[in-house]
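Please examine the sequence and the structure shown here before reading on.

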Amino acid sequence: MFKLMRFLKPYWWQVIILLLATGGQVYTTLQLPALMADIINNGIVESDMATVWKDGLLMLGLATISALASFISSYFSAKVGAFFSRDIRAAVFQKVLMFNLADIKNYSTASLITRTTNDVNQIQMIVTMMLSMLLRAPLFCVLGLVMAIQTAPEMSWIVAVGIGAVVISVIIIMSLVAPKFKVFQKLVDKVTLITRENLTGLKVIRAFNNESIEKRKFTRTNDELTKLLIFVDRILELQNPLINIIFNGTTLLCSWIGISLLDQNYSYLGNMTAFAEYVTFVMMSFLMLSLFFIMIPRANVSAGRINEILKVAPKIHFPKKTRGVPNKKASVEFRKVSFAYPDAAEKVLDDISFTAEAGKTTAFIGSTGSGKSTLINLVPRFYEATSGEILIDGIDIKEYAKDDLMQKIGLVPQRGVLFSGTVKSNIKFGAPNATDEQVRKAAEIAQADGFITRLPNGYGSHITQGGTNVSGGQKQRLSIARAVCKNPDIFVFDDAFSALDMKTDARLREALKPITSDAVVLIVAQRVSTIKDADQIVVLDKGKMVGKGTHQELLGCCKVYQSIVKSQLSDAEFRKEMHGATR
Amino acid sequence: MGPHGKESAGKVKNSRFAFKEFSHSIKPYWISITFSVLLAVGSAILGLFTPKLLGDMTNIAINSYPNINWGEISSKAITVVILFASSAILQYAQAFVLAVVSAHYTKDLREKIIDKIARLPISYFDKHKYGDILSRMTNDVDVLTTSMSQEIADVSLSVTILIGVMTMMLTISVPLSLVAFIVVPISVVVVGRIANFAHKYFREQQATLGVLNSKIEEDYAGLIIIKSNSFEGAATSSFGETNDKLARATTKAQIFSSLSFPVTHIFTNLGYIAICVMGGMFVIDKSLTIGGVQAFIQYVSRFNRPITEIASTTTTIQSLLAASERIFEFLSEPEEEPDFEPALTIPSIKGEVEFRNVCFSYDGVTPIIKDFSVKVAPGTNVAIVGPTGAGKTTIINLLMRFYEPDSGDIVIDGVPIKEIKRADVRQLFGMVLQDTWLFSGTVDENLRYGRKDASLSDIKAAAKFCNIEHIIEALPHGYKTMISEDSDNVSAGEKQLLTIARAMVANPPMLILDEATSNVDTRTEHLIQESFEKITHGRTSFVIAHRLSTIRNADLILVMRDGRIVEQGNHETLLKANGFYAELYNSQFAEN
């Protein structure tokens, strides 16, 4: 929590004003009961109307100053709180934009989102509270105590009793309830989980006629949650009545002791009323402080999660300017490349070497976990090779400036990713200057023009957040169109065709041919049919390259490739394929 | 707050509906609620006398000074203790009763929602996002019940205190009361005005926060696309813009909401000073006692709070109504039509399925299935092929009665399925979908999902039959291993195998299968294919096919295009016909 306080630095003078204003407000507010005591002791008891008026006007002046100070401190605490959290949010966002895939895998996208949104909101809440309350409460405590003791030193022990009672009751109640909060959160999560399952498994549940079983499961957790809630409330609701008893008791005690002290000093008549008010101020502040300290651990969790992100050091550095002169012809070359996750014993990729040339298609195939996706993610430096080197157009990728490197690459990821905007803005994402004609052409190649023109507003049609208003296949085709529109030297298709039906897949690959005549094409695929015609197929198994060659060559010599092909074709076809290979 | 939170912050569209439904829903609890209100009133009344009695104590002391009448004072003090103690006890009782009511009310609402989910037609979920329904179950129910219990307690307490305090003040001094009655309501009106502003900016803040959150979600999800297109600069500046807007809206909302504090303070102090000064004058001309002034000052400070609270109820009621509207709107959605009465049954199933001129559209406008007719003999393995959007999945949805045809009939063994109970129709089919849904629980629990009374040996037999026995036994706890939809101890392909085994445990007479297309490694793929072949053997089965082997082994291939069957037959005859199927096949499988 305190590590985040460095974000307050730009606002230091506002915090100082805030502090001064708060001090002023507390001081003036605390003068009022003293003046009232003076009215009673010197004005009323002595029947001195002039004192009553004098004190009254003084009180009025002080009250106005107090209000002004209070306004200033509210203004700055609101402002500082809001802008402080704005800065934290921006810092987290910018940090995440610099993350590589290993970092993202480490934290998961969902968790990164919560950290940037919920966690920052938590911090904002606590900081705004802290600025307006945490400064005020201790001041009230200290000054209130001083004033109380000054007014009636003989009664000061009452303050101790009152504070002690407030603190003890809060601690007891919280220590009874706090352990239950975790259980409570778990049950709430479980209720949400079951509801979620009921929604996502809608068809399966109905197909198996299991609605009543799901209901029973839900009811059990729901009942448990209700019981716990009632238990917690039974204790938690004690708080207000207890505090009321304590406050009333203290006030009564003040009157009682005040009256008993009248014998020694008649001025206790006014003082005991003032004293009772001071005690109330002090006890209120303590109540607030203790509630605040209960909130701190929760904010600390959020702060910890934010700090964790902020202190991640970027592991991949790009030079400011590209060093070296690239070859004219596009190419991608892997030289003895290995990759392992940090702290992982096993290598994901082990000693991979190949060259992919312009106008040729290089395909990667292998079972899940063979490392093929990781391999192509090394090209745009989303991961950094642990050893070996990767050359693009003859230059090590580490020598490229970031934008120069990315400019060369058209990436289509496994899951079609779209951004809210229009169809057009999505296709133009990587090529902001593309003309409408280029956009349309790209969509045509990606087999997307057909469905786009059928949309109500064609290329101007709205795409919702995450592209939820188009189907999976359409999303994938738009994401291919986006890469095509960029007209890159290197196309990277990471299993991008599997969401398409076989026919669209085939048509699309045919349409890609003319525009990729000068480009390097890297394809990761599951279906043999997608890559059969590739100029070079790299077969991966558990991170090792176990075969490299054309479909026919591999059928002849590569066991892993044979078994992959076999699993996807019928026996008769497989025999035919094998026959073709040996011929 | 997620992207769905912003919807609940919206304004109420139909307050009358929201209010009517809400008051109807709390009817079963009216006795407890009334009881709790009475307790609140009692507690407030008992609490009223403390300042007055304390003032009396002072007066007794002054009047008997210097021989203070301790007897009378202590009897007053004891009364005070009894009063505030019993007030506190009533307050606790009130809070507790209300807590129990609201806990049970919450529970009932949640149950109603989960029931509703089970009774809504599947088509409802095509048009509504899960997240939205989920947020009604969680956020809205929370808001409704907390604001309900808060309102009940606050309003009853505040009104009682207000009336009581006013009475007490009047008994002490009429002119002083008049001063208080003028100053305090003015402050409440001003504060209410400010609160309105604050509310407006809070809404703006919530809306901006929603926009910002979706931006963050979107950018994080598409991070590699942003990076590979050098879009970081644009993304950062667009984020920064919204982030700035949020900070400004937050500042305004905070300022206005915290402004109410100094403003109330000014007025409180004004009242306080006026009462000190005037009270002082009254005491001097003997029309008021010192104890009276003392008590009066305490009452004034108690007078403020209930008024501010009553003023703030409008905001709470707004959010209560908004939540109530969202919940009851969902609860009053039209449900699935009841089963046909008297429902027919199929005593012993043969497995003959016939579609007779079936037409269907999801939205009532665009027809998806057009005049679909086919008769499938018992035991036939049917493969449905065709391009995306041809209506393949819809046929399966109609067969399972997830949707009802607009016209035409689906007939099983001569009985139209619309005259059979939905549950009975679904009993006839084992279903394996692409979407491999498993609930969080053990492997064993998931496998027996279709037949609770299956013995362990049944389960094991099914697992063995579906080639997943070894995989399950290799898991850390075997059949007792916990799995869930998003658990990563089993791969996507293994999940598919589990769903096949799950269907097999139920041992249904017919099967519906939707082949997965992607993300399955080759070894598992092979196992899936093998078990597909095994389980379809001898059963009437409908397979949405993507694999060549499945298609070639099928007894009957239905080639669909734009909601119609354009060709049917087996692989050889269809190839010979050289039509749409041949084109489809050649583009994909054949040698060039």
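Two residues are in contact if their C-beta atoms, placed from the backbone, lie within 7 Å. In chain B, residues 24 or more positions apart account for 80% of the contacts with a separation of 6 or more. This is a predicted model, in which local features need pLDDT of at least 70 and side-chain atom pairs count only at pLDDT 80 or more, while totals for chains, interfaces and linings use all residues. Residues are numbered from 1 along each chain as its sequence is written, and chains are lettered from A in the order in which they are written.

Chain B has 20 helices and 12 strands, which are DSSP runs numbered from the N terminus (helices: H or I, at least four residues; strands: E, at least two). Its C-alpha atoms fill a box of roughly 120 × 60 × 50 Å along the principal axes.

Where do the two chains meet? In total, 116 residues of chain B are in contact with 118 residues of chain A. Helix H9 of chain B, residues 232-284, gives the most to the side of chain B that touches chain A, with 28 residues.

Of the 592 residues in chain B, 47% are buried, that is, 20 or more other C-beta atoms, placed from the backbone, lie within 10 Å of their own. A nonpolar core is a set of buried Ala, Val, Leu, Ile, Met, Phe, Trp, Tyr and Cys residues joined through C-beta atoms within 7 Å. The largest such core has 256 residues, of which A:Val282 and A:Leu522 touch the most other members. H9(B) gives the most to this core, with 18 residues.

Methods: Buried ≥ 20, exposed ≤ 12 C-beta atoms within 10 Å, placed from the backbone.
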